[in-house]
Amino acid sequence: MNPSLKDKLPYDSIKDIAPVILVGTSPMVLVASKKSGITSFKQLVDLSKTGK
């Protein structure tokens, strides 16, 4: 997460750090207003490609 928050770090987060253990998971959810008419991820992607 640090590379996203800081421009310069004293280490390379890909090369210099190795994962040791999984601490937890964080499920993600996409939501849309009922007014949008979006009922699937494909509809969301297609609509986003139109620029609306």
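Predicted model: local features only at pLDDT ≥ 70, side-chain atom pairs only at ≥ 80, totals over all residues.
Residues are numbered from 1 along each chain as its sequence is written, and side-chain values use heavy atoms, with hydrogens and water left out.

Turning to the overall form, the chain has a radius of gyration of 18 Å, whereas a compact globule of 52 residues would have one near 10 Å; the radius is taken over C-alpha atoms, and the globule rule is 2.2 Å times the number of residues to the power 0.38. The C-alpha trace spans about 45 × 25 × 15 Å along its principal axes. In secondary structure there are two helices and zero strands, where helices (H or I, at least four residues) and strands (E, at least two) are DSSP runs numbered from the N terminus.

As for the surface, the chain exposes about 5,500 Å², of which carbon and sulfur atoms supply 61%, using the Shrake-Rupley method with a 1.4 Å probe and, for residues, only the protein chains shown as cover. Val-20, Ile-21 and Val-23 make a nonpolar surface patch of about 410 Å²; patches are made of residues with over 30% relative accessible area and no salt bridge, with like charges joined within 9 Å and nonpolar side chains (Val, Leu, Ile, Met, Phe, Trp, Tyr) within 5 Å. Val-20 sits in the loop between helix H1 (2-5) and helix H2 (41-50), and Val-20 counts as exposed because its relative accessible area is 79%.

Which side chains meet in a salt bridge? They are those of Lys-42 and Asp-46, at 2.8 Å from N to O, and the count comes to one salt bridge under the rule that a side-chain nitrogen of Lys or Arg lies within 4 Å of a carboxyl oxygen of Asp or Glu. Both residues lie in helix H2, four residues apart, which is about one turn of the helix. Lys-42 is exposed, at 57% relative accessibility, whereas Asp-46 is partly exposed, at 35%.

Also in helix H2 is Leu-47, which is partly exposed because its relative accessible area is 31%. The C-alpha atoms of Leu-47 and Ser-36 are separated by 9.9 Å, with the two residues 11 apart along the chain.

Finally, Lys-52 lies in the segment after H2 and is exposed, at 79% relative accessibility. Lys-52 and Phe-41 are 11 residues apart in sequence and 15 Å apart in space, C-alpha to C-alpha.

Note on methods. Buried < 20%, exposed > 50% of the residue type's maximum accessible area, 1.4 Å probe, protein only.
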